[in-house]
Amino acid sequence: MEIAVVDDEKAIREYICGLVEEQQPGSSIEAHVTGEGLLALGKRITRKWRRAKCLILS
């Protein structure tokens, strides 16, 4: 499963990524400071991230 986590607080990003990894071992997790940072990937975003099943925003 492809999961993107967005939060401006590093501790929260790391905590959420850890929780997700515990519940969904082997998932592809990508963390970003801002939604703009995630969207800025634009054409560089890989096909797998276009199919992301879960996006966690704060």
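Biologist: Leaving aside its neighbours within four places in sequence, which residues is Arg 13 in contact with?

Modeller: This is a predicted model, in which local features need pLDDT of at least 70 and side-chain atom pairs count only at pLDDT 80 or more, while totals for chains, interfaces and linings use all residues. Residues are numbered from 1 along each chain as its sequence is written, and side-chain values use heavy atoms, with hydrogens and water left out. Contact is taken as heavy atoms within 4.5 Å. On that basis, and with those neighbours set aside, the partners of Arg 13 are Val 5, Asp 7, Asp 8, Ala 31, His 32 and Val 33.

Biologist: How far from Arg 13 is the nearest side chain of opposite charge?

Modeller: Arg 13 lies in helix H1, residues 10–23, where a helix is a DSSP run of H or I of at least four residues and a strand an E run of at least two, numbered from the N terminus. Arg 13 is buried (under 20% relative accessible area, with exposed over 50% and partly exposed in between, for a 1.4 Å probe and protein chains only).

Biologist: Why is strand S1 largely enclosed by the rest of the structure?

Modeller: Both faces of S1 are covered, with Glu 2, Ala 4 and Val 6 buried on one side and Ile 3 and Val 5 on the other. Strand S1 (residues 2–6) is therefore largely enclosed, its buried residues numbering five of the five.

Biologist: In S2, which residue is the bridge partner of Glu 2?

Modeller: S1 runs parallel to strand S2 (residues 28–32), and five bridges join them, where pairing requires at least two DSSP bridges. Within S2, the partner of Glu 2 is Ser 28.

Biologist: What pattern does the chain follow along the sequence?

Modeller: The chain holds three helices and three strands. In sequence order, they give the pattern β-α-β-α-α-β.

Technical notes:
Lys and Arg count as positive and Asp and Glu as negative; His and the chain ends are not counted. A salt bridge is a side-chain nitrogen of Lys or Arg within 4 Å of a carboxyl oxygen of Asp or Glu.
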